[in-house]
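Please look at the sequence and the structure before reading on.

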Amino acid sequence: MSLLNVSSPHSHGPGSTARLMKLVILATVPGAITLCLFFGWGTLINLIWAGLVAITCEALVLKLRNRPVAFYLGDYSALLSAVLLALAIPPLAPWWITLIGVSFAIIIGKQLYGGMGYNPFNPAMLGYVLLLISFPAQMTAWAAPTGIDGVSGVQGFAQAFNSIFPIFGNVLEIDAYTLATPLDVMRENKGLTIDELWASNPIFWGVGGRGWIWVNLAFLAGGLFLLYRRVFTWHTPVAMLGSLTLMSIIFYGGDGSTGNGSTAFHLLSGATMLGAFFIATDPVTSAVSNRGRLIYGAGIGMIIYIIRCWGGYPDGVAFAVLLMNMAAPTIDYYTQPRTYGHKKPKKGLAKQD
Amino acid sequence: MEILLFAICVMLGLSLIFGAILGFASIRFKVEGDPLSDRINELLPQTQCGQCGYAGCRPYSEAIAAGDMINKCPPGGEATIAALADLLDVEPMPLDSEHGEEKTRTLAVIREPECIGCTKCIQACPVDAILGAAKQMHTVIASECTGCELCVEPCPVDCIDMIPIQTTSKSWSWQLPTAPENLIISDAGRGEVA
Amino acid sequence: MTQKIWDIPGGVHPPQRKKLSDHQAIRKAPLPKRLILPLQQHIGAPAMPLVNPGDKVLKGQKIADADGFVSLPLHAPSSGTVVEITAHAIPHPSGMAEPCIVIETDGDDRWCALDAVENFRSIESEDLVNRIRDAGIAGLGGAGFPSAVKLRARPEQEINTLIINGTECEPYITADDLLMQEHSEKIITGIEILCKIVTPSEVLIGVEDNKPQAIQQLQQAIKSRSLNFDVVPLPTKYPSGGEKQLIQILTGKEVPSGELPADLGIVCQNVGTVKAIHDAIITGKPLISRITTLTGEALAEPGNVDVLIGTPIDDLLTFAGAEPNKIQRLIIGGPMMGYTLHDIASPIVKTVNCVIASTAEELPSPAPAQACIRCGACSEVCPVNLLPQQLYWHSRAKDYSQLKHHNLFDCIECGACFYSCPSHIPLVQYYRASKADIRAHEAMQQKAEYSKIRFEAREARLQQIEDEKAAKRKANAERAAKLKASKESAALKNDSEAPPNDAKTEIDAAVARSRKIKDVSEDQALSTEEKALKIQRSMVNAQLKKLQRQCANCPADEQEKLERDIERLNQQLLKLSPDNSPSAATPITPATLKIDKENNIKHAMAKAAVKKTRRALAKIDSESNEAVSLRSELESQETKLKQLEITLAVGHAPPTTKQGTAADEDKTLITKLGGEEKKLKIAAAIANAALRKAERAYADAAENQTAETDLRAAEVEKCKQIVTEANKNLANISAPADAPTAPSSNASNKVEQEPEQGKFQEKNSSDELKKLKILHAMANAAVKKAQRAAEPTTQGDPGQQRSIVEARKKLDAATKALNDFTADKPVEG
């Protein structure tokens, strides 16, 4: 008999990278459905289109790098990046927006760094930021949510498909179906009190934006499911939401025209929940220790608020995540946990001997 | 024109001030380290084999400090060259084969029945690792031997063998696994087939 | 009473799989035919064997003793015969063989006398510890640390907590569980013995809550004796059974990094060890058996066995009904920290608590590793709060300082990180390899540091000697100068015409004097004539040497001229040599014997020189025009040498026979002939070896170069000739030697008959032996050097030229010496 000789342990748990990725993709389903409900079929079309592009790009580069294509595609990481990017892109963005964003994310943001596990930046957010900077018009044109009087919104699948893939010529006039997002309106607000703002613009509803509240709650539900399945620890999302809450309390500014919006408004607007549970928790690019993740998450929350209220862009999740990605290695060096038998945790870099 | 002059003056002033600060700092906060040759010597393998052409590691370290090439140390091999290159901030270079090749570490072992007790090896040993007296059998203190091979040539009866250090179950260890995936595109062709 | 327990960070819950083996009572394994007992079954120095192959041993007899403080003795697990002490496969991850005592059992299983203790309470604790040590008890939990070392109280440490480890947190293993169920009484007594030794204030027995029966049994045993030991049920979680982890769970304290539990006042012992301690004290039985779990789905009858140490594992597998073709890997220990076995002939040792014969479905081959996604699952489960993913990166980068900074050496290699790693990265292997690398690196650095110190000390010493010499010289010069000055002043005073007697001439004179004295003392037997010749010879030699050195350094055209000079000098040397004959005419004295010996050495050196020349010749063959002439010369030298060899061998006996009186002449002859024969035999063997070498070289060369091939072929041919000639001589010699009955080379015979003569002969024969030794070594050297030279070199540098010339010189000298000797013989004979 020939005996197998390997190092211990000989037993392995059920976990695998592919399983983790699939769980995360699964957890985005409620959010994606809610997006479709409020903003039309565009999100679904984008998801499928982005997935196709991502898999093609990944396979292409793996082929170029002489790697086993099936093995690496089987980890679902490319698909996850595509899904996250597709959820962040405006639902009716033209097809080439998605193509550019996803291919950039996969090829340059991920594979050219060495593939999964080696990318210093979140690929989806790299793609998003590229698009936001290069095509601001398309990237800020969100479809109007359903249920607003006087704005038709996107009616059916055919219309949505047509606006993304304008094969049949009759492109929708962009202004006909888009509205500024609540965050945009809030940032641009100069003279109206919060109450006046809510009364004047039908995009507002409840404590936040029409549809946006539900989208964020759906992503929150997905995130809680992932927490329950122990896909990631609570540290990053809680720290991020916590610091965003703290910032919004400190800089609330009241109900007047100079106010920055309530805590609930910030928590349930834009990509807050998507960011907190799906973007910031990307393990590859975040800090590794629990304490590190607290700092990392808190940093993201803070930067989001700063960009939203005083920056040049309506939402800041992508920038905040990328900035904290840069800080992650440094955070790692200063947040080592205290090892068993040591009085104090070690800090910083080792002394070269 | 006036603005231009003003700008130049300001720049000049600033550069003077900062220059003065930097100059002061470089003198005031100078780190007193070991002399360069000492730090180089720390990196050499201390086999004292003389394959570099110098009479031991210290003379070679002094020569390197004086500008000699860093690739003359076969016992240290690539690792030492890399460490020296790092210390001296120069490009690592391949080992100069003129001085020998990197080999596995060996120990000198005297075939004792054949030893005629000439003491030639004792005189040759740079670290006093050979024990014996005239007309008496000699032996190598294994724990002190650096494997420099300097004792082999002088032996008139050629009874000194350089024995590669054997792995025993005590010195055995697991090897680093091969990396699961290769990083860059230039690795093409070396990819693991899963 | 419920004891408070603490939690440890991390941990995993792998499938227990204890059901496989825990339903059956402990069985006794059959007595094997052979017991294989590795000398090292514990941490520390290997034991020293006390028996030799062929010795009969009894069960329980000590067969190897501890070698040092951290070491343990070894006992025969059954009666039988020691067959051999040899390297045999042992259970070790390397799969390497280590020295083992192999005992063939006789089936009687006869015990030796046992030293049982009636009442352990009446015995000094020091004595108890010694008994535990003499019983060879090592930690049976897996690590194998000598228990006595742990128990030997150090005065500065007061032990206040005794922890008994019955957690058995690894999946599959049920040995301790069954042991606690069946031998709870013995364990409790064992604990009482331990209490007597370390006198703790509390005793905690940690058992995972998945062993309710064991807990109950222990509690009953404690209650029946109304002791205040606490059995503490722990939540089942891997790795709560690690010593440090168990201490943390039971006491909330952490063993500081790099320290021992004893520094906290805690001693931890495994339940199996406690039972062994009980056996050692109460019954006097040493550790010769243990309880081992045989499990895995490839076994028909998994279960626990009471097995003798040294039982081959394949015997046990057969006993447990293993299906060999189903076994994919054999694990010694648990599936989390155990290692795989390479050879099923390996024996059970003291630390083997479990053997898992697993099928491919049960524990599948590791999946290919993917990239680390830094998910942190590993740091979530790490029981010592490391950052395994960072350690992994630094391991791959071989960044030792960062690894140490991340506390790599606090890793207990429990494997929880790998268990939870979604990318299937063999993290533990990375850490093990890195730890070994760091240790090796540090050892090397330490050695380098040490070498540096030794080197510098040596340099300093040499410098000091040099300085002292210089100082002495200076002092001498000063004294001489003073002397000279005083003499000069005296001369001035006396106004005499005494020659200027400067210091140098004085020293020279002194040197000459001393040399003269030395010469006289050395060559007492030599006549003045010889002395003159010798001096002449050495002078010519020196001249020759000088020329040769010049030759080596000068350009080629000049070289020829110089070589002609060398040739001339060589001739001169040769001419000088036969004049030496008067010395030979004198009767044989120790001095002439010394010459004889010298001749022999010279002969050997000449042989080496011929070889060296040949080698050098081969090297420069292609480049140099001189090669042809050199080769012809070499050949002539070789033939000369051969002749010398033969004559030396054949004609060596007669002069010595003259020494004997008429009565024992025959005997001496026989002795001498015996010696001659031996020598010739060796010569023949050497020649044979040379032939083989040459043939090998020939084969090598044939592959490489055809040009060289011819040369090699010639060499081989020559060697063959030498061999045949040597053999012929051997035959010649041995024929007469065999004729007389009972040829005795025993010097003592002669001592009886003629003491003086015997003494002389003895000395002679020992000299002969020495000579032969040197001869042999020299021949060896020559062969080696020739072999080395056989590797083709491209450059014929001056160094090589010089070596040729030098070799020739040596050859000449030796030839001359041999000439002397052979020329003498007719006169003597």
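Predicted model: local features only at pLDDT ≥ 70, side-chain atom pairs only at ≥ 80, totals over all residues.

**Helix α5 of chain C**

- The buried residues of α5(C) are C:Ala214, C:Ile215, C:Gln217, C:Leu218, C:Ala221 and C:Ile222.
- Viewed down the axis of α5(C), its buried residues fall within an arc of 165°, and therefore they line one face of the helix.
- On the other side of α5(C), the residues C:Pro212, C:Lys223 and C:Ser224 are exposed.
- The cover over the buried residues of α5(C) includes the helices α3 (175–182) and α4 (184–198) of chain C, together with the strands β10 (202–208) and β11 (230–234) of chain C.
- After α5(C) comes C:Ser226, which has a positive phi, near 45°.

**Chain C as a whole**

- Chain C contains 25 helices and 17 strands.
- Of the 829 residues in chain C, 45% are buried.
- When contacts in chain C between residues at least 6 apart in sequence are considered, 75% of them join residues at least 24 apart.

**Helix α3 of chain A**

- Helix α3 (residues 42–64) of chain A has 23 residues, which should span 33 Å at 1.5 Å a residue; its end C-alpha atoms are 32 Å apart, which agrees.
- Among the buried residues of α3(A) are A:Ile45, A:Leu47, A:Ala50, A:Val53, A:Cys57, A:Glu58 and A:Leu62.
- These buried residues of α3(A) are covered by elements of chain A including α2 (29–39), α4 (69–73), α5, α6 (95–108), β1 (142–143) and α9 (157–164).
- α3(A) is followed by A:Asn66, and the phi of A:Asn66 is positive, near 60°.

**Nonpolar cores**

- In soluble globular proteins, nonpolar side chains tend to be buried together.
- The largest nonpolar core comprises 134 residues, and those with the most contacts inside it are A:Ala82, A:Leu85 and C:Leu427.
- Helix α5 (residues 77–88) of chain A gives the most to this core, contributing ten residues.
- With its neighbours within four places in sequence left aside, A:Leu85 is in contact with A:Ala50, A:Gly101, A:Val102, A:Ala105, A:Ala124, A:Gly127 and A:Tyr128.
- A second, separate core has 103 residues, including C:Ala89, C:Ile191, C:Leu204 and C:Ile288.

**Domains of chain A**

- Chain A is divided into domain 1 (16–179) and domain 2 (182–335).
- A distance of 21 Å separates the C-alpha centres of domain 1 of chain A and domain 2 of chain A.
- In the contact between them, 31 residues of domain 1 of chain A meet 30 residues of domain 2 of chain A.
- On the side of domain 1 of chain A that touches domain 2 of chain A, the elements α1, α2, α5 and α7 (123–134) of chain A each supply at least two residues.
- That side of domain 1 of chain A consists of 22 nonpolar, eight polar and one charged residue.

**Domains of chain B**

- The domain assignment of chain B gives domain 1 (36–99) and domain 2 (106–164).
- The C-alpha centres of these two domains of chain B lie 26 Å apart.
- Six residues from domain 1 of chain B and seven residues from domain 2 of chain B take part in the contact.
- The side of domain 1 of chain B that touches domain 2 of chain B has one nonpolar, five polar and no charged residues.

**Where chain A meets chain C**

- The contact between these chains involves 40 residues of chain A and 61 residues of chain C.
- Helix α1 (residues 17–27) of chain A gives the most to the side of chain A that touches chain C, with three residues.
- The residues on this side of chain A divide into 14 nonpolar, 19 polar and seven charged.

**A loop glycine in chain A**

- A:Gly206 is found in the loop between β3 (204–205) and β4 (208–209) of chain A.
- A:Gly206 counts as partly exposed because it has 13 C-beta neighbours inside 10 Å.
- The C-alpha atoms of A:Gly206 and A:Ala264 are separated by 9.9 Å, while the two residues are 58 residues apart along the chain.

Conventions: Residues numbered from 1 in each chain as written. Chains lettered and ligands numbered in written order. Contact = placed C-beta atoms within 7 Å. Helix = DSSP H or I, 4+ residues; strand = E, 2+ residues; numbered from the N terminus. Nonpolar A, V, L, I, M, F, W, Y, C, P; charged D, E, K, R; others polar. Domains from an automatic or database assignment. Core = buried A, V, L, I, M, F, W, Y, C linked by C-beta atoms within 7 Å. Buried ≥ 20, exposed ≤ 12 C-beta atoms within 10 Å, placed from the backbone. Arc of directions from axis to C-beta. Expected span 1.5 Å × (residues − 1).
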